[in-house]
Amino acid sequence: MTNNSLIASVQPISLEDSIVSTGFLADISIFVMANGYIFFSRAENSQIVKAHEDGIILCAAFDENRLVTGGDDGCVVVTHTNGACEIVARETSKWIDAVAIQEGAIAWSAGQSIYALSMKGETKSLSLNSSSRGLKFFPKGYRLAIAHYNGATLWFPNASKPELLRWNGSHLDITISPDARFVITSMQENTLHGWRLIDNKNMRMAGYPGKTRSFSWSHDGKWLATSGADACIVWPFIAKDGPMGQTPRECGLRPEIPVTCVAFHPNAPVVAIGYEDGMIILTRLSDASEILVRHPSERTKASRINAINWNKQGSRLCFGAENGEGGTLTLPSA
């Protein structure tokens, strides 16, 4: 670890419950708490709103102007930049396991059903053989990737027949490369599995001591940063076969301190890395140089970083921890 530090450029916050997600709405730092509240962090007139009246928030997703959350109350709620909250769906006796949002469309999973709400207000549904907590829109177009038991499903809500990508085992989270060439899932067996979509060729990325619960693509789609080890494991996707036959890079190695969150800068080969003990660093992929953003906490187990997210310009980074502590880093001007 170098002596470089950005700690003085962080505006810290302390909230009453675990922060489960962070992001930006109209460049306002947003902190989503498990207890159903959402905190809008502004230089002046910070705001807190109750998005879920009767339950806890289990999942969240952002676009530039809206936040969608799902809870154990069965509600899917959209929160706008002004703090107004709108319930767009209510599933009786079911938790909302995953949500996704893109270009005006929203999707969510409840039990063994997937729902997609188009920007025109039309809702379509898809029944699976198992539940899903991995749900993601493709970078372009009205298409979803869904992780579930024994594989992943690709679904155009306006088409009748989904496409199944088979691989035995329990698939958890899911991500899609920026060029839409690869779909990658994390698995219960502490591995990643992927498919090259041009021919559905399988890819297996093993060797993790823990489960990968966070991944992030570089802006050019050439690298995939992942959690699940005591370093940020970064897989190369430069060749036509993706990571197959390639050795991943390790960034921010801290022996026996697991990486819990990763987030690539939107315009540069820089990764923000959060750890189990609350520490956060930025590391540059080209030379592995590191800059400290947040010191580790003495309350190790209670301080794990749950969420990290950049704004669209890459000038600000917000983060949140299990103990309700968080903050926003504003990068100094060059």
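## A buried strand and a pocket

Both faces of β7 are covered: Arg66, Val68 and Gly70 on one side are buried, and so are Leu67, Thr69 and Gly71 on the other. Buried here means under 20% relative accessible area with a 1.4 Å probe, protein chains only. With 6 of its 6 residues (66-71) buried, β7 is largely enclosed by the rest of the structure. Strands are DSSP runs of E, at least two residues, numbered from the N terminus.

This is a predicted model, where local features need pLDDT of at least 70, side-chain atom pairs count only at pLDDT 80 or more, and totals for chains, interfaces and linings use all residues. Residues are numbered from 1 along each chain as its sequence is written, and side-chain values use heavy atoms, leaving out hydrogens and water.

| Pair | Sense | Bridges | Bridge partners |
|---|---|---|---|
| β6 (residues 57-62) and β7 | antiparallel | 5 bridges | Phe62 and Leu67 |
| β7 and β8 (residues 75-80) | antiparallel | 5 bridges | Leu67 and Thr79 |

A hairpin through 3 residues links β6 to β7. In the β7 and β8 hairpin, also with 3 residues between the strands, Gly74 has a positive phi near 80°.

On to the pocket. Residues lining the second largest pocket include His148, Tyr149 and Arg166. β13 (123-127), β15 (144-155) and β16 (163-176) each give at least two lining residues, with β15 supplying the largest share, 4 residues. A pocket is an open set of points on a 1 Å grid over the protein atoms alone, where a 1.4 Å probe fits, with protein on both sides within 12 Å along at least five of seven lines; lining residues have an atom within 4 Å of a point.

Methods:
Buried < 20%, exposed > 50% of the residue type's maximum accessible area, 1.4 Å probe, protein only. Pairing = 2+ DSSP bridges.
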